[in-house]
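Here is a two-chain structure to explore together.

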Amino acid sequence: MSEANFPILSIIILLPLLGGVVTGIVRDTNTAKKIALSFACFELLLTVIAVKLFDPSIAGFQLTEKLSWISLLNVEYLVGVDGISILFLPLSALLTIIAMLSSWNSVTHSTRFHFALLLALQSATAGVFTALDMVLFFLYWELTLPPFFFLIGLWGIGSQRRGAAMKYTLFMLAGGVALLLAIIILSANHAIQIDGRIPQDLAFSLPILLETPLPHDLQTLVFLLLLFGFAVKAPLVPFHTWLPTAAMEGPAHIAALLTGLKLGVYGILRFALPLAPVAAVEFSWILSVFGAVTLIYGGLIALQQTNLRGLLAYASVSHVGMVMVAIASLSMQGIQGAIFQLLNFALIASSLMLISGFIHHRLGSTEAIHLGGMASVMPRLAFFYFLFALASFGVPGTSGFPAELLMIIGALTSHAGLGAAALAGAILGAAYMLSFTRRAFFGPVIHTAVNNMHDLQTRELALLFAPALLILIFGFFPDTILNINKVASEAWLLRLTTYAP
Amino acid sequence: MDFLAVFIPLFPLLAALFIGIGHLFDRMSGDAGERIISNIAVLAISFSCFIALILLGADLLGMNSGSFSIGQWLGSDTFKIEVTFITTGYNTVLSALFSVLLLIVIRFSVNYMHRETGFRRFFFNLSLFASAMLLLVSSGNIVTTFIGWEIAGLCSYLLISYAYDRPIATINATRVFVTNRIGDAGFILGIGLSYFYAGTINWDALNALAGELTIPTATVIALCFATAAFAKSAQLPFTPWLARAMEGPTPSSAVFYGAVMIHAGMFLIIMLQPIFERAPLAMDALVIVGFATAVYSFTVGLTQTDVKSSYCFAISGQLGLMFLECGLGYWELAAYHLCAHAIIRCYQVLTAPSLMHNVVGNPIKTVSRDIINLRWLYIASIQRFWLDPIADRTLVRPIQGLGQDLSHFDIYVIDRLMGTPASPSRAISSLAQLEQKILSTSQSDFNINQFGHGSGIAGKFFEWTAKILGWFEERLVLQGIGMDIIDIGNKLGHAANTFERLLLKPRYLVLFVFIVLLIAATR
């Protein structure tokens, strides 16, 4: 661990919160929007600086900051990043800017509150990606809930938005209980292992807990609890039902955040596997079977969707399954591909969701039956949609290809059956994306409403341009990403393989 | 001269980028724009063609070392992909031949597509395709070959759906792409297995290692790549996609399915010659599939009534023969056959629209008597052996049906098990509403416990726990103890009052003070 000279991570966490407060205080709506956007842009700048300060050749945590917080329980304020987490910071900041821009005109009531919540959400998300103390992590983890609850419930576009917000919150709380239990077990185990006493010798900091030996039976328990807690958020089948509901009822830019930020998978990668390595190796088959089932299940249901948002939600479920299969392969290609794909989600899945929002904003629906022939009316929107669709099923030239190739190679080298499932998922991916493209964008224009639609405006064009450019850059030069997480992935893998039975 | 190989696919790629960006920002429209676009596309492919010919000449003069690398594209542990180009042998011959054919077709399209609505789109696709194909044939690495392979497939999709307002064209395009995707899965599987067993994904290194692979390993790898080749070169059982693919404009049909892309599968087999020679079973597969496709295409071709369809079956038949030749071990012959077929078919398909001018008045040659009398063969031929319906029945519909069933399962089983919060529209929001509800239903069967509803496993669990606790509260606490508590409270209150009244009487007060003092004194 190397300490930071300058508390950049704390500033990254606190700045958006401050921005949220300022946005909430300012009286004038337009000024508030501009203030919120400038805070978000400044946040992006800071995260890019953090990436610049980051040294990819160090395996451990960097830029760490440590303060005593609840000294009675030894809870610390400990933040830091490593090669696995660092790139999520700029991407989540970028996603916040994109979400703000896309909702610039579509949010008409309680606008200040809306933008303040988006900033608060960014603050909590940055906290989740940087927290290295389990209690601190749990705090940020739960703090992501209230913004999502209000954002889905207040600005949703479906008639059941309140129910969707409630459903999301209840699901996440259920997962949170399991997480909390696992955290308590881990910390109590630390006290027992060093023959200490229970409040004084508890430990919640991740680097210490990683060093503490954990008895085998407890490892199993902790692994399954953490897996359950994170699987709900990931989401894995059968805990995925909140995602289609939230995507159908919630506003498009929030659905984009939900599908773009894969906090649950990050949790599995950061905590569930490294904290219980023996159990993780032993039970990696559970993870891979769940992953493969999720992959095929989501893909097959996506094939049947008639609504673009439903399709994207199930496609996202299917992609999470593929990432799980890759992580469970416990190979270098699998893990690097999985991290790459998680970063891709923030660009690809969320952009597709935003495009569905643009269509909904113009037409009031994203049902295939109300669309048809949009490519001739809105060539630019069709172009961007097509580009992101290609990236989502991994066509070479886009960043989806190297990620998917690495994941499939990883799965194949660990277990041929899983690789076959991943390949079947890739075929299904092309089938559902292209058949929806055909129904929505091609063919003759049937409805007059479609004929009157305007193509993308400058603001919308600009906000799609950034992710589009990034997926092409990462597609042509995948090593830029792989080099950053290489050393950290090796360390991650080493930890698991040394415990392999 | 090796470094020249880099520029062959690069020029068309730059042209495609330029045209694509211009199209996106709606520049270069009208006749002037058309001229710029066609000039760029023709110029780029001319440069590539020129360089490819120089490279071929250099190779014939023995000036090339064999490969040229421009660095690593992707690296993860030992899985390293370098962008390498092969600069000798058959690869240079093919890249020269294909670039010449591409030049001819692109030049031909300039006049053919004049003032068509999708002019820019067409030239963007064609340039991208040229780049992908030239990368495919000159790449020294299996993964970069696959990149070319996949992008060529994508261009094929875009050109089949060229007239995207026609539903048939887009249905066919989707079908063709997904069919080819099955072959791509075989290709990726082949890449994975080569890496796993041979530890390399370079063509040269893999072929050099072929002798060391065990026969089952070589067979599995060869069969994976053979599947990819069968799909791309329209061999059985994938043949029907070729007929669907003829939707696009004629020049694109000529270059994709007549001259260039259709031969990619055959090229893949030729590249893997050492692996196939190590795997007798895979060679048998080539013989069987190649022969079956040749017979099938010949039979179906007899009953076709339009030029493009006859060509389409002639093409798959000729490719079947090439696979047969490879399977029998005549690799050189297959390689020559590929080049010859590409040239002649390019000419034929390009001139297909004006064929009527040349053949008008010629009598149609009838087939021999023996075949004419086979009624069943006629029906089978005209139905193209029902391959498409069979694929629908055995693959497409079961998968869609499974999707439908899972979708129902998701909505009616999983979602219900996981639970949904009660819909706010059905919930009671005010006491007045509750009163109304109680009044509207008869008092006896309205159960106040129905206020809280749960769904899903967790929801039901909590509902039942709440019911049990509610019953406990109602029966035991409120009804059982509740009434008694009031009585006891009353009695206790009376007792306390009595005690206080007694205390306030002076004699008891004095007595109380004395007792307190006594206790204090004994301490």
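The paragraphs below go from the annotated spans to the contact between the chains, and then to single helices and residues.

A word on conventions: this is a predicted model, in which local features need pLDDT of at least 70 and side-chain atom pairs count only at pLDDT 80 or more, while totals for chains, interfaces and linings use all residues. Residues are numbered from 1 along each chain as its sequence is written, and chains are lettered from A and ligands numbered from 1 in the order in which they are written.

Let us begin with the records. UniProt lists "domain: NADH:quinone oxidoreductase/Mrp antiporter transmembrane" (unreviewed entry) at residues 131–424 of chain A, and it places the feature of that name (unreviewed entry) at residues 139–360 of chain B. UniProt positions are given in the numbering used here, feature names are shortened, and annotations may be inferred rather than shown by experiment. The chain A span is 78% helix and 0% strand, with its end C-alpha atoms 37 Å apart. In chain B, residues 139–360 are 79% helix and 0% strand, and 45 Å separates the end C-alpha atoms. Helices (H or I, at least four residues) and strands (E, at least two) are DSSP runs, numbered from the N terminus.

Now for the contact between the chains, where two residues are in contact if their C-beta atoms, placed from the backbone, lie within 7 Å. It takes 47 residues from chain A and 43 residues from chain B. On the side of chain A that touches chain B, α20(A) gives the most, with nine residues. That side divides into 29 nonpolar, 13 polar and five charged residues. Here Ala, Val, Leu, Ile, Met, Phe, Trp, Tyr, Cys and Pro count as nonpolar, Asp, Glu, Lys and Arg as charged, and the others, Gly among them, as polar.

Met418(B) counts as buried because it has 23 C-beta neighbours inside 10 Å; the cut-offs are 20 or more other C-beta atoms within 10 Å for buried, 12 or fewer for exposed, and partly exposed in between, with C-beta atoms placed from the backbone. Leaving aside neighbours within four places in sequence, Met418(B) is in contact with Pro238(A), Phe239(A), Thr241(A) and Gly456(B).

Pro238(A) leads on to the loops. It sits in the loop between α9 (216–233) and α10 (242–249) of chain A, and a cis peptide bond, with omega about 5 degrees, joins it to Val237(A). In chain B, a cis peptide bond joins Leu236(B) and Pro237(B), with omega about 0 degrees. Pro237(B) lies in the loop between α8 (215–232) and α9 (240–245) of chain B. Ala234(B) also has its place in the loop between α8 and α9 of chain B, and has a positive phi of about 55 degrees although it is not a glycine. With 28 other C-beta atoms within 10 Å, Ala234(B) is buried.

Finally, return to chain A and look at α14(A). This helix has 20 residues and reaches 29 Å from its first C-alpha to its last, close to the 28 Å expected at 1.5 Å a residue; the expected span is 1.5 Å times one less than the number of residues. α14(A) is mostly covered, as 16 of its 20 residues are buried.
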